[in-house]
Amino acid sequence: MPIAANLIKWDALGEEALIGLAGGVGLVVAYGGLLVALNARAQARAQGRRTAPAALAGGLFAVCVCVALLAIGFVAMTHKS
Amino acid sequence: MGNELLLVIVIGTALAFDFTNGFHDTANAMATSIATRALPPRVAVALAAVLNVAGAFLSLKVATTISKDIVDSSQISLEVLLAALVGAISWNLVTWLFSLPSSSTHALIGGVIGAAWIADGSGAVDVDGVVGTVIVPAVVSPVIAGAVAVLGTFLAFKIARRLSGGVGTRGYRVGQIGSASLVSLAHGTNDAQKTMGVITLALVVHGSLDKSAGTPTWVILAAALSIGLGTYVGGWRIIETMGHKLTKIEPPQGFAAESSAASVLLASSYFGYPLSTTHIVSGAVVGSGIGRRLSEVRWSLARRIVLAWLVTLPAAAAVAAGVYEAVTQLGGHSAGPVLMAVLALAAAGALFRIAQRHPVTASDV
């Protein structure tokens, strides 16, 4: 185990796992939220209603999270350590 | 004069490696998008090609690391570089023939290890460095990507149940195009630059470029175009494996797999591991199959792929060692490299002809 500890950067691997998890799952949830909001809008339109403000706000928030995650990804791509 | 010829052969071989890297790895970004019909096959590979070329210009960090930080240019020769590249190309072509996704990066590292070992003895290889920065991340990265994809796919299907058919399917297909594009761009920033680094290193070893000089513009252009062309040719055999054979992929699954892969890929890249896009995307595709239903994954194929990964490093190393020995025996600066280049081309041609017996084209994926 001490040999492995010397050879492997466990901290960096742990961070990689956490960031990968947060980014991957975060993007799936945020994009899913955007689709739920779009779905609510489509249903409201089909029924001749206005889209609920909560759905609009949720959709806008989801777009912001997706754009932020893509921007972080782009920065990671261009600023390798 | 002999040295000039050897340099030209090394550069040509490096660009050939870049080309095989491109068509071998097209599947990483686009297999799931093609499988779910988010994009027509030809459009998908064209998009991947353009993004790979663009990615090659985004950063030169990987190229600089390879040309200056990993190998001491005073300890390496053009013969070693040539042997390493031939070893890597051989493994890329053999795994392509068997439709197996495997890492071009690890094939190249294996090639360098094999050739350097034969040239300068076991002391030329930093075993601790190889274990810590290559082998462990190679094992851990696909597991992490798979775990992220399991959770991502589970959540994507939960969300998809709340959507009407049109919005769900169309929406996730559009999302897949975005996440696959991110993987393509990231691939360009990594893999095209490995070739740029190797060519720059060859120029420094030859003495035509100062060690402190940056990567020449023509090298960046040549490497970017070479990987782009390779990507556009499309490794349809591996696309078929990743998109159809490993697991059946629905749009929410494809989106979760590509998002997980992109996220782990960029995190590994940021922390400076010489990551393998292939390992990460394969792990994510298997994870997306598990996340949907365990039985959806064809485990016998997954085992064959993992076996290919295990063999990549030693196989490429063994070929490179043999090539180095042959080149130096035949005459390092002239006859040896020329004969080896001709033999390598003939072997590649033979592999292509064998592949034509059971061709896989865009219409099959």
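Predicted model: local features only at pLDDT ≥ 70, side-chain atom pairs only at ≥ 80, totals over all residues.
In which helix of chain B is Ala145(B) found? Ala145(B) belongs to helix H6 of chain B.

## Ala145(B) and its surroundings

Ala145(B) is buried, because its relative accessibility is 0%. Setting aside neighbours within four places in sequence, Ala145(B) is in contact with Ser260(B), Val264(B), Ile280(B), Gly283(B) and Ala284(B). Val94(B) stands 51 residues from Ala145(B) along the chain, and the C-alpha atoms of these two residues are separated by 26 Å.

## Chain A

Chain A has three helices and zero strands, and its elements follow the order α-α-α from the N terminus. The chain has 81 residues, of which 33% count as buried. Its accessible surface amounts to about 4800 Å², and carbon and sulfur atoms account for 73% of that surface.

## The interface of chain B and chain A

The size of an interface is often expressed as the accessible area that is lost when the parts come together. Between chain B and chain A, the buried area is about 3500 Å², with 75% of it from carbon and sulfur atoms. On the side of chain B that touches chain A, the elements giving two or more residues are helix H3 (61-70), helix H6 (127-160), helix H7 (165-206) and helix H10 (251-270) of chain B. Of these, H6(B) gives the most, with 13 residues. The contact as a whole takes 44 residues from chain B and 33 residues from chain A.

What is the count of salt bridges between chain B and chain A? The count is zero. Six residue pairs, with both members at pLDDT 80 or more, are in polar contact across the interface of chain B and chain A.

## Salt bridges

Over all chains, the count comes to four salt bridges.

| Pair | N to O separation |
|---|---|
| Asp191(B) and Lys194(B) | 3.2 Å |
| Lys245(B) and Glu240(B) | 3.7 Å |
| Glu250(B) and Arg292(B) | 3.6 Å |

Asp191(B) and Lys194(B) are separated by about one helical turn, because they are three residues apart in helix H7 of chain B. Asp191(B) is buried, with a relative accessible area of 1%, and Lys194(B) is buried as well, with a value of 7%.

Salt bridges with shared partners join Lys248(B), Glu250(B) and Arg292(B) into one network.

Helix H9 (residues 236-245) of chain B is mostly covered, with eight of its ten residues buried. Among the buried residues of H9(B) are Trp236(B), Ile238(B), Glu240(B) and Met242(B).

Ser104(B), found in helix H5 of chain B, is buried with a relative accessible area of 1%. Residues up to four places away in sequence not being counted, Ser104(B) touches Phe17(B), Asn21(B), His24(B), Asp25(B) and Asn92(B).

Is Leu307(B) buried or exposed? Leu307(B) is exposed, because its relative accessible area is 52%, above the cut-off of 50%. This residue is found in helix H12 (residues 299-331) of chain B. Together with Val306(B), Leu310(B) and Val311(B), Leu307(B) forms a nonpolar patch on the surface, with about 360 Å² of accessible area in total.

## Positive phi angles in two loops

Arg37(B) has a phi near 65°, a positive value in a residue other than glycine. Arg37(B) is located in the loop between helix H1 (2-35) and helix H2 (41-58) of chain B, and is partly exposed, with a relative accessible area of 47%.

Ser99(B), which is not a glycine, has a positive phi of about 60°. Ser99(B) is placed in the loop between helix H4 (78-97) and helix H5 (104-120) of chain B. With a relative accessible area of 11%, Ser99(B) is buried.

Methods. Residues numbered from 1 in each chain as written. Chains lettered and ligands numbered in written order. Heavy atoms only, no water. Patch = residues over 30% accessible without salt bridge, like charges linked within 9 Å, V, L, I, M, F, W, Y side chains within 5 Å. Areas by Shrake-Rupley, 256 points an atom, 1.4 Å probe, with all protein chains shown as cover. Salt bridge = Lys/Arg side-chain N within 4 Å of Asp/Glu carboxyl O. Helix = DSSP H or I, 4+ residues; strand = E, 2+ residues; numbered from the N terminus. Buried < 20%, exposed > 50% of the residue type's maximum accessible area, 1.4 Å probe, protein only. Contact = heavy atoms within 4.5 Å. Buried area = accessible area lost by both parts, 1.4 Å probe. Polar contact = N/O pair within 3.5 Å; in protein donor to acceptor, adjacent residues only side chain to side chain.
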